[in-house]
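Subject: Structure handover

Dear colleague,

Here is the structure I said I would pass on. My notes on it follow below.

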Amino acid sequence: MSRTRGRVTLPVQSIFSEDAKTFTERWGADVLRLDGNKTPDEHSKSLDVKICTTYTPVKGDNDFAMEHMDECQQVLLMSRHFLAKNTTLTIDFLDGFYREQFVADYIHDPKRWWEVIDRTAGKTVPSHKWEYDRIHDILTITDAIPFHEYTVSFFVFIIWDPTQMYELLSDDLTNEPHHIPIDVRQPLSAAYSKERLKKWLSEHSHTDIVRFTSFFYHYILIFNEEANEQYTNWFGYGTTVSTQALETFEQEYGYALKPEDLVDNGYFNSTFRVPTKAYRDYTHFIQRFVSRRAKELVDMVHAAGKQASMFFGESWIGTEPYGPYFQDISVDCISGNVYNGTTLRMLSDIPGIHDTEGRLLPYLSEETFEDENHACITASANWIAARRAMMRSPLDRLTFDGDPGTASSSTTFVNYIEKITDEYRTIYDNVKGRKPYSGLKVAVLNSWGTLRSWQAYTVLPGRSYKKTNPYFGILEALSGSPVDVCFLSFADIRRDGVPDDVDVIINAGDAGTAFSGGREWLDADLVTIIRKWVYDGGGFIGIGEPSAVLHGGRFFQLADVLGVDRELGFTLSTAKYHIVPRLAHFITDEHWGAYQLGEGTPDVYALTGSTEIIDYSNDEVHIAANAYGDGRGVYFSALANDPDNTRLLLRALYYASHKEDNYYIWNADNINCEVHAYPESGKYAILNNSDSPQTTDVYDGNGSRETINLEPREIMWRIM
């Protein structure tokens with residue numbers, strides 16, 4: 001039985017099952033979570049736990065949806081590119097899409113709402129030059145220009161919820177009824193969603209917590225003709241786009257959005273795109289609407305004497321927990337998946353929430369426990385990554401997904417989760433509400449700023465992509481490092497300058513993306529503000545292609561700050577003699593062996609002999625530092641997730657901020673170990689973040705050193 005109890009939610013198939021009783025005792029659960037199709041009865045009150053029941057507001061009742069197909073959710077799609085070979089071009093605009101997911105919308109006049117674009121010329125084709133055939137779902141362009149490419153942007157109704165679609169296709173259960181999502185922007189659907197919840201609440205009088213499986217709009221997930229994922233964007237607002245939404249937007253903002261403002265050349269305003277003014281306006285418009293509608297449902301839950309929780313996933317679009325309207329919804333708890341330290345901080349740092357809850361890996365299923373050892377390895381790696389971040393900003397609750405009963409035969413796994421839940425509660429009791437020691441403050445600078453805190457470089461949380469791996473180590477390192485972290489947008493700096501308490505700015509990403517900044521760096525005022533701030537003593541760390549846009553004879557607009565630029569072929573005629581790396585540098589003092597930065601930006605070169613080259617190979621710079629007035633710049637070509645890189649970044653932060661003398665305060669010299677101190681409580685913790693025994697020198701608040709031995713994954717609490 002668990003030594004401690006509380007702050008754990010256990011998913012169960014039945015609240016009175018033997019599994020529910022066993023795991024409640026073993027893992028110290030105080031909340032049991034039921035699927036919304038199951039109704040707890042009066043006997044549930046005899047249990048010393050709260051009952052949480054899931055609820056989905058816009059899907060699951062196909063009778064209503066089928067009777068009101070004109071109120072189903074819409075999405076604005078873009079066809080693939082079609083080549084005109086003569087002056088007449090016929091386009092099968094649904095070609096390539098999974099036709100069981102969508103049906104073309106002819107209820108709303110295509111001549112008004114659709115858009116045909118000559119992509120070669122970059123011009124919209126007038127509506128009188130094309131016709132559509134609703135029987136065959138084709139569109140024909142007359143007077144096309146031969147060997148130009150054309151696309152059609154067109155409205156469809158969503159007739160199969162993407163999450164259910166993914167689950168049923170994965171399990172080959174395509175004969176199950178397809179959930180059709182309704183749009184609460186439509187009048188009948190808005191009224192029905194409230195009546196349905198009212199009825200549900202009356203039937204679930206013994207539920208204590210209503211866990212909304214998000215609210216209304218699913219992130220954009222499009223399947224191809226082979227029923228495989230074609231387009232996935234966890235931040236995509238595509239399912240919020242309807243003809244009524246666009247009409248209301250025009251009334252509120254005084255200008256009309258074109259389909260191209262939303263399909264964005266087929267990029268659909270990916271979070272990697274530098275957002276346009278039109279797209280920013282649209283997302284704020286949606287956020288205000290979602291917060292109003294969601295609050296109506298949450299108020300009903302509160303009026304019924306229950307707590308309201310929201311799942312940060314699936315249909316979360318428009319809630320934006322770090323946005324300006326989320327607090328208006330008044331949910332009591334927000335729950336989400338924890339894949340690593342970054343996703344934990346994405347949850348735990350959300351302001352104004354009573355409880356933040358993280359769902360740990362692995363998913364509890366029979367398939368998972370076919371290999372008990374792998375299940376334990378997954379749980380261990382997940383917990384170690386999450387624990388680092390927990391020491392800085394703890395979650396208020398832990399939970400799991402799946403069926404704990406499938407773990408019954410895995411004694412080792414059950415014992416390990418018991419240890420994790422006990423360790424978590426110890427961490428929470430020692431950390432929550434107590435400010436950890438921070439050696440400095442770092443600001444991550446990109447186009448999104450606070451709105452997408454801890455969400456940079458993400459396509460879908462938990463998924464790895466080749467293009468994002470070189471940057472994944474940045475946020476993961478920061479999530480558990482002894483530094484304060486904030487997120488700034490370029491607009492923040494234009495408006496207010498760099499905050500006084502910021503020591504170092506990090507700008508990182510591929511050229512042209514929202515994370516590097518792209519066209520933002522064409523703003524001379526922005527460049528000037530940051531240059532002066534660094535020159536006066538600030539620190540600037542660039543990773544990948546920071547401040548990158550070709551302008552004024554530079555690719556990196558802050559090349560003078562960083563001491564490096566990237567060769568694009570335009571300066572090959574200019575000799576580059578500065579190629580010798582330093583034998584030693586503060587940033588790399590704890591590093592041994594070859595650097596494993598990841599697949600970094602190639603062809604970076606030092607500007608002058610004063611650039612401190614730290615790592616150089618293959619005729620390119622990988623790490624460099626540069627003095628800039630009273631400040632410093634540091635460059636990395638990449639920073640993949642790795643303990644070595646975590647330590648490199650920490651040392652670079654101290655170096656860039658001129659705080660090298662404070663580095664050995666509440667620190668450990670072993671890269672697999674970390675120290676977290678809490679001066680208010682007079683305690684500190686020493687962590688072993690590895691699966692092996694470790695020996696490390698630990699430095700206290702005065703810089704005094706002590707050698708400590710730690711068992712695998714051990715956390716050692718001590719009094720100052």
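The axes of helix α10 (residues 372-390) and helix α11 (residues 411-431) cross at roughly 5° and come within 10 Å of each other. Helices here are DSSP runs of H or I with at least four residues, strands are runs of E with at least two, and both are numbered from the N terminus. Axes are lines fitted to C-alpha atoms, for helices over the stretch in contact, and angles run from 0 to 180 degrees between N-to-C directions. α10 and α11 are therefore roughly parallel (under 35 degrees; over 145 counts as roughly antiparallel, 65 to 115 as roughly perpendicular, and the rest as oblique).

This is a predicted model, in which local features need pLDDT of at least 70 and side-chain atom pairs count only at pLDDT 80 or more, while totals for chains, interfaces and linings use all residues. Residues are numbered from 1 along each chain as its sequence is written, and side-chain values use heavy atoms, with hydrogens and water left out.

Contact means heavy atoms within 4.5 Å. On the α10 side, the residues that meet α11 include Ala 375, Ala 379, Trp 383 and Met 390; among their partners in α11 are Phe 413, Tyr 416, Ile 420 and Val 431. The residues of this contact divide into 12 nonpolar, 3 polar and 3 charged. Nonpolar covers Ala, Val, Leu, Ile, Met, Phe, Trp, Tyr, Cys and Pro; charged covers Asp, Glu, Lys and Arg; the others, Gly among them, are polar.

In α9, Gly 341, Thr 342 and Arg 345 meet Leu 475, Glu 476, Leu 478 and Ser 479 of α12. That contact comprises 2 nonpolar, 3 polar and 2 charged residues.

Glu 320 sits in the loop between β16 (307-311) and β17 (333-337). Its relative accessible area is 1%, so Glu 320 is buried (under 20%; exposed is over 50%, partly exposed in between, with a 1.4 Å probe and protein chains only). Beyond neighbours within four places in sequence, Glu 320 is in contact with Tyr 237, Gln 287, Phe 326, Leu 451 and Arg 452.

Over residues 441-661 the chain is 22% helix and 26% strand, and the end C-alpha atoms are 16 Å apart. For residues 666-717, 0% is helix and 56% is strand, with the end C-alpha atoms 13 Å apart.

Regards
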